Structure formats: structure tokens, C-alpha cells
Number of protein chains: 2
Amino acid sequence: MLQSIEARTGAAVGTSWPESTPAEIDQAVAAAATVADTFAATSAAQRASLLRALALALEADGTALIALADLETGLGLPRLTGELARTTFQLRGFADVLDAGTIHAVLADDAAVAGAPPVGRPRLAKVRVPVGPVAMFSASNFPFAFSVLGGDTAAALAAGCPVVVKGHPAHPALSRQTAALAQRVVAEQSLPAGVFGFVQGAAIAVGVQLVQAPAVAAVAFTGSFKGGTALAKLASERPRPIPFYGELGSVNPLVVLPAAAEKSGAELAATLAGSIALGAGQFCTSPGVILAFKDAASDAFVAAFAQALQATQPHAMLSAAIRSTFDNGVARWRATDSLTPLVADDAAGAAMPRPFLAEVQAADFIANHALHEEVFGSAALVVRVVSVDEAIAVLRSIGGSLTATLWGAETESDATRSLVRAATQIAGRVLFAGVPTGVAVTQAQLHGGPFPASTQPFTTSVGYAAVDRFLRPVALQDAPAWLL
Amino acid sequence: MLQSIEARTGAAVGTSWPESTPAEIDQAVAAAATVADTFAATSAAQRASLLRALALALEADGTALIALADLETGLGLPRLTGELARTTFQLRGFADVLDAGTIHAVLADDAAVAGAPPVGRPRLAKVRVPVGPVAMFSASNFPFAFSVLGGDTAAALAAGCPVVVKGHPAHPALSRQTAALAQRVVAEQSLPAGVFGFVQGAAIAVGVQLVQAPAVAAVAFTGSFKGGTALAKLASERPRPIPFYGELGSVNPLVVLPAAAEKSGAELAATLAGSIALGAGQFCTSPGVILAFKDAASDAFVAAFAQALQATQPHAMLSAAIRSTFDNGVARWRATDSLTPLVADDAAGAAMPRPFLAEVQAADFIANHALHEEVFGSAALVVRVVSVDEAIAVLRSIGGSLTATLWGAETESDATRSLVRAATQIAGRVLFAGVPTGVAVTQAQLHGGPFPASTQPFTTSVGYAAVDRFLRPVALQDAPAWLL
């Protein structure tokens, strides 16, 4: 059964309702499969109209949806108002991409060349075709932007793929209400209902059935490492494997080079503490590993950073399950001998979590694999390094990450070049200023990165290139005029 | 032990030599890893120079290499001369791509916008970075174009990734000689030896070690379904999974619409027979399933096609193992009750194989999964259909294929549109004229397609977009001027 829970109190709100049954999930996938060819054949203008109508409907119901989201997630009205604005911006942004014509464009068109190969060739034109029904798994931590009508859904619909959305059980009433809104808009746009399907359930079986459904052509997932890797395995073990676009978490290392600590250490310390405390650290791009050197300016930076983090306000977490995982992660760090706590109030029994920060030497960090795993929430490690080479070794030990941030790399040198190369080798986005929380929706955005940040590191789940995940290139050889 | 075998006689030539040891494989990977950053930092001009020097060296040694290839594969001098020309064309083509600057280009550059998100944003520029060492598995059936200095190697080197090539044991002396040539050219170009590594071995363990080596960042593979799926599984089960670009075979359905049979059936029958007989059908794009309708013109087409195939010259196969697999596949088809043989000379004991062709009704074909599997060699099935809808059902039952060919789709209609949509859903390349054998090396080429044609259906292993497999996009946020 599904039950709406008030995040701040843990109290049940309203009556519970049943999960989607296997038969209902089958029906949702079958409906998507039935309309896949029709929807693939819609014009860019029709799909742009759908996306804009969805944005408008979200805005029309905005006040009620935001209130419900706040009740179920505790994320607060300012954050949720901003997130809804981001979600409608994103829907309209994909509509603009459709208007620009790039989705249906001929990507490359090589004229025929007379004569024998290899110089002689037929005409070849590369186009892209929608892959078919996409199963979309909503995230807990973004009830709008990575949920029912979030970026994955917007990208799949823009590409011409029907979606079957699995709502996240941490905000079930909001998910249901948003899905009803989407289904109403699809009907108003005179599109078949199969274009937008919706299922709900907390049981693992719901997701397993979606990933294994033969008619599902691709999966988009934002969530935990454990759930994501299990579903990715199922996707690859199908008789006909399908792409599994999973975003599974990230530690987001941030390197504070001595030049930055020297120049503006106090200001950066406050910025960083704010980024880690924001929304109780429940962002996939929250910085979890801070690399600091050992000079006087770096020492001062670390002290200021710890002080600023200590002073941040507590914030409820999304659900009791997420809070419990956070508490367990912090307890594991507390029990690690090589860590020296810097911010470590005990809040295990309190309603709100407290941030946790500890310091560790580079060699100890590198040697302890458990420290390379994300603790989802306001928890971070300061890793002390003595050289750029040691910083590179720390980055390499972390492996894949959504982001890596380098503060103080404004001046070119061999050392800086090596550090940038190492950062680009492990991350999908490399920042040279600011903090990684806040992911702009643009064409150049890359929200992905080597495993485990993404199971498909060449793709992005944020920004307009997200449509590329659902459009497979096909070369048309000697295509008739009516087709191109 | 490795032994050069004369393909036409099965006789051993020269002395045998040992497979690469685990220590040697480790050394090759370690050498590639050591130079990965240096090679990634080379200029486009340096890598273009390397590729052109490799092409020139292949031409300089061409006569000897072609003779050795002919001895080990039996493919014949005209075909091998053409294949070497294709290989050098391809190397120079990637050099031209490097000259054009697209590999190091900024793919998207979004200027900063002042203000609050979602409109406000930092500057984001998307670039691409070489993934690191690539393990490359050579194919048996293209001793030049898909082997040591074939398309995968050219693409990886163009991208700035060192390669560790595994030579194919079916042409071991040619592989060793080509690798020696490559290593000499790398040295002459003043590049570190680790840029091009080479290992050899017929044992499965050699490939397993390469795929599991922690420093290997991606795998390119052309070969069998069985070997490819086993290695792909290992790649996905690594602690840090890596992309496995596998091309695993394809049945390449070809639809002869009544209009085409009516207009030029006799000519098409001869063309098709030639495509299937070419090189004993040892092409991954050889047509294996021919869909024909049931009108008089289609009956005449099938009769002419069978007659033309019957009349083709026999041709030695690449190796005793490949011949044995072909004989087993044909024997399986002979024993299938629903098949009516059309061309079925018994050549099980003869030195050269004979082509095999049988006819089957659409419903029987769809119901029998074993018939959807490729029989590598000159063997094909004629599937009789009564309607475009039935043709679509046959295409869907086949699933993924490198190519699908539609003859007679020159006129637009709902039926033709549906057929084209079905073809693009299952294939990486859709042809409207000609035969799928012969894969042009161009920008628009797509040699891939849904599983099992490719394990990464969004990518291509032929044509200049093949570099995209080894260049991972990264978003640079607020990058300093020196970096862009």
C-alpha cells in the first residue's frame, strides 16, 4: 500500500491506496507500445505543443502542487517554488529544441560518389529515430525536476518516445496528482493516452517488471547505487538488452588549491558550507570530499569551513529511510580510526540531522575504499594532501563522479594541466568556480560521468543533450526523395 | 601456440610461436596506461601525422602483406587489394577529421546569464576527452579493415587513446607483421611505444584478461555472438564497468516489394546472389533473410535468385573452424521441417562450401527462433509474406540487425511508411537500393544497430563517427581562458 507521509513529523496523511498490480503495469507498457509508432510520427510542433501545455498546467496548479510537495518532502516552499520553475523552464526548453528542428534534422548527408570503393560510395544520410517506450524512474530528492514531469520525461517526450513513469514512493500523492495532470493534458492535446503511462509502488517488483517488459526500449533512472546497479544488471541480461540510463550517486570532490585558499579562503569556506548544508545535503551534486593542502592558508580555510558548517541550520530529511541511511553512514565514519571529526554533533535521536565533517590524510583515504562511497546528506570529508600529484591520486581513487571542482586553477602550469586532465577523467562536469549544487539546464550541460555517477557515461540526464539518449542514429542509404 | 595455416589447404606454414603470456598482456596494458595522458595531450596534427604514416607504411609493404593475408585467409588478391586500399583510405580519412578540428572542438558553448536560476546560469562549454587505453579485438573476416590497423584502431588513435590490439588467431602471422609495422611507425613518429600495444593468443583467457584489466577504459570488438556477449558481460561486471563496443553479427533482412520484383526482378536476383556468394558470404552484412511476396513477379524473382545463387563459384572459407560452424548451421536448416530447400547441394565433405538457400512461410519463420540466428557464410532463407503487415512482423521477429534493405519503396504510402519505420527500428542502416555488403567509410555511416548487431546501438564501428566511442563529453563550468 502507498501512504502519503508528512516528512517533518512522520505522520500519515489521508488514506492509503494500493500499488500498481502486475496487470496494470503490463497494461501501461502495452498502451505505450501500441502508440509508439504513432507518437514517433508526430511532428516536432505537436510535441512542442504538448511540452508547453504541460508547463502551463503545472503552473496553473502550482500552489497546490508545491504545498503537497512540501508536505511529503519537507524541502520548503522557496526551494520547491524554484524547483517547479526549473521544471517548467525545462519543458519549454525542450519545446524550443523541437522548434529549432535539431531532433528531426539530417545529422550528416554524404553525397554519392561515382567509382569503385573506397572512394566511390552511395548516398548516405544519417537521421535519428525514437527508440520506443521509455520506463522512467522518479527520484526522491527532486519531487518535480527529477520526477513525474522532470527532465527524463521531458526529454523522452521531446524525442517522440512514450513514457511509463514510476512515481517515487517517498512522495506518492504528489506523483499521483502530477500524473493525473499529465494525462489530462495528453488528452487535451488529442494524443493517445498511451503517450504517458504511470505506475506506482514501493515494492522492488514494480521496477523489475518495468525493466524486464519486452516492449520497453530504454530506462531512465535517478536513484541509489544499490537499486540502480540491480536494475542495470536486469536491463543487460534481457534476451534483448536495452540501454539503462542510470544516475547512481556521486561524491563530487572539490579541490581547494593553495592559491584559492590564500586569495579568498573565508568567502569560499562560507560558500562551501552553504552548498553542503543546502536541503540537508540531499543533492546528487553535494560536495562530499574536499581536498585541502597543508599550508597556513589551507589550514585557515579548513577551520573557517568547519565553523561555517557548524553554524548552519538543521533541515528535515526527505524520509525516515533516507535519514536512517544518513545516520548509518555517519556512524560508520565516526567508527573509522583514521578520521578526525571536525563537525560532529550527535543528533542520532533528534528530529533534524546535524552536518558531519571529518578530516583524513590522503594515504588513509586512498587505502580505505569505504570512504570513497557517498553518504547522502550533509556529510563530507576533508582530505589533506601535500602536492598536486597526491591530489590527483585522491581523485583517481574516487573514480567516477558527476562533478569535480577545482578552485584556484586560473593560472596555466604543468601541474594545473595534469590536475584538469585527472578531473576530466573522473567527472562529467568540471567546475572552476562556484559549487556543483545547482545544475543549469542548457545545451552544454553534462550531468553524468564515469561509473557510478552514470551507467552510461557518454550521456547526460540534464540539459538538452538528454534527448540523445532516446534517439538512435540510423544511416539511410539511397533514400527516396519522399523520405528525406 | 600460434601457427600460420594456409586457408585453402589447411597446411601449417612456418614454425609456431607462443601466445602472449599474462605478464606480457599486463605489460602492454601498463605501457598504454602510462602514456595515456601524454597521448591525450598530443595535438590533432601529431595524431594525423601518425595515421598518415601508418597508411603509407601499409602501402609500402602492401604486396608482401597482401600475399600473407591471402595465404592465411584465402580471400583472394583482388578482394585483399581492395581491403588494404580501404584500410589506408580509412586511416587518412580519420587524419582529415583531425585536420578539420572537430575532435577537439567545443561542442556547445553556453554563455553565462546573470540572475537567478533557471534562467541565470554560469558559462558552460562542452568538450570531449579521450577515455584512455582501448582494448581492440580483431576480426577474422577482414584481415586489414577490421584487424590490427583497421577502423577501431584508427578511430581510437584519432581520438587520442592508446590501443592494445589483440590479433585474430586465424591470421596470426599477418597480425604480427602488421603490428611490427605499426610499432616501427610509432617510434618513427617519436611517440612512446605504449601508444600501440599488441598481444596474440587463441585462448579465451587472453581476451578475458584484457577486458578485466583495470586500466583498460573501453573495448572494441568485432566477432561472434557467443564470444562478444561473454566479454560484454565481463565488461559490465567489472568493479568499474566500461563501454564494450561489440559488433556481434546480423542477419540483414532484405525486403523485395512486388513493385521491385515486377520492375527489375531478374537484375536484382543476380545482384543479390552475387552479394550472398561474395567471399563465401563471410561478411557481417551478408543478406541472410530475403522477404518475398507471393505474386507472379515475386515467384519469378525467387526462381531467378535461386538459379543465380546455384551458379556461383565456390570459395574457400577463412578457417576450418568457420567452415565447420557453417556446415553445422546448414545441417540444422536441412533438418528443419518447415524449410523447403531451393539451393542445397551437399558439400559437407568437399574442400569448398556450397551456398544454401531454402524457403519458409512467414508464420513458420516467426515461430522458430532458431531461424532468426545468423548462419555465417553463403546461406540464406527466403521468407514468403502475403502483406506489408506480415513483412513488418517478420522484421520485428528478427530484432536487431546491422542493415535492413527495402527494394521497391520509391513511392510514398502508409504501408511504405510503416515498413520504413519497422526497418529503422531494427537496423542501424536502411538501404533503398543496392546490397548491404560493402560499407562506405563516411561521416554519415552507421555500422551498428540494435542488439545483437551491436552491444552499443547508438554508436558505429565504421565511418568517422566511430571516434565518438572513445571521446567522452565533459562540461567545463567557468573554465579559465587558458583552457578553452
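Modeller: Pro473(B) counts as buried, because it has 24 C-beta neighbours inside 10 Å. Here is the scale: a residue is buried if 20 or more other C-beta atoms lie within 10 Å of its own, exposed if 12 or fewer, and partly exposed in between, with C-beta atoms placed from the backbone. This is a predicted model, where local features need pLDDT of at least 70, side-chain atom pairs count only at pLDDT 80 or more, and totals for chains, interfaces and linings use all residues. Residues are numbered from 1 along each chain as its sequence is written, while chains are lettered from A and ligands numbered from 1 in the order in which they are written.

Now find Pro473(B) in the picture. It belongs to strand β17 of chain B, residues 471-477. Helices (H or I, at least four residues) and strands (E, at least two) are DSSP runs, numbered from the N terminus. Which residues does Pro473(B) touch, not counting those up to four places away in sequence? They are Leu446(A), Phe458(A), Leu107(B), Lys126(B) and Arg128(B). Contact has a cut-off here: the C-beta atoms, placed from the backbone, lie within 7 Å. Ala139(B) sits elsewhere: it is 334 residues from Pro473(B) along the chain, and their C-alpha atoms are separated by 29 Å.

That takes us to the contact between the chains. It takes 59 residues from chain A and 59 residues from chain B. On chain A, the elements that each supply at least two residues are α1 (22-40), α4 (77-100), β3 (108-110), β4 (124-130), α14 (414-426), β16 (427-431) and β17 (471-477). β17(A) gives the most, with six residues.

How are the two chains related? Two copies of a chain are related by a rotation about an axis and a shift along it. Here a rotation of 180° with 0.0 Å of shift along its axis superposes chain A on chain B, with an RMSD of 0.0 Å. The two copies are thus related as by a two-fold rotation axis. The same surface serves both copies: 100% of the contact residues of chain A recur in chain B. Superposition is by least squares on the C-alpha atoms of residues with pLDDT of at least 70 in both. Within chain A, Ser236(A) comes closest to the axis, with its C-alpha at 4.2 Å.

Helix α4 of chain A deserves a stop. It holds Leu91(A). Leu91(A) is buried, since 26 C-beta neighbours lie inside 10 Å. Leaving out residues up to four places away, Leu91(A) touches Leu51(A), Leu54(A), Ala55(A), Leu149(A) and Ala154(A). Leu51(A) is 40 residues away in sequence, yet 5.4 Å away in space, C-alpha to C-alpha.

Next, a sheet in chain A. Five strands form an open sheet in the order β7-β6-β5-β8-β9, with parallel pairing. Strands pair if DSSP finds at least two bridges between them. β7 (196-199) and β9 (244-247) of chain A stand at the edges with a single partner strand each, so one side of each has no neighbour in the sheet. Neighbouring strands are turned by 15° against each other on average, direction ignored. Inside the sheet, four bridges join β5 (134-137) to β6 (163-166) of chain A. One pairing to look for is Met136(A) with Val165(A) in β6(A). Helix α8 (225-237) of chain A lies across β8 (218-222) and β9, running at about 170° to β9(A). Axes are lines fitted to C-alpha atoms, for helices over the stretch in contact, and angles run from 0 to 180 degrees between N-to-C directions.

Chain B has a five-strand open sheet too, ordered β7-β6-β5-β8-β9 and parallel. There, Ala135(B) stands opposite Val164(B) in β6(B). In a regular strand the side chains alternate between the two faces of the sheet. In β6(B), Val163(B) and Val165(B) point one way, Val164(B) and Lys166(B) the other, and all are buried.

Last, the core. The largest nonpolar core has 340 residues. Such a core is a set of buried Ala, Val, Leu, Ile, Met, Phe, Trp, Tyr and Cys residues joined through C-beta atoms within 7 Å. Val219(A), Val256(A), Val219(B) and Val256(B) have the most contacts inside it. Beyond its neighbours within four places in sequence, Val219(A) is in contact with residues including Ala135(A), Leu231(A) and Phe244(A).

And confidence? Chain A averages a pLDDT of 96, and 100% of its residues score at least 70. pLDDT is the predictor's confidence in each residue, from 0 to 100. For the complex, the predictor gives an ipTM of 0.97 and a pTM of 0.97.

Notes:
Contact = placed C-beta atoms within 7 Å.
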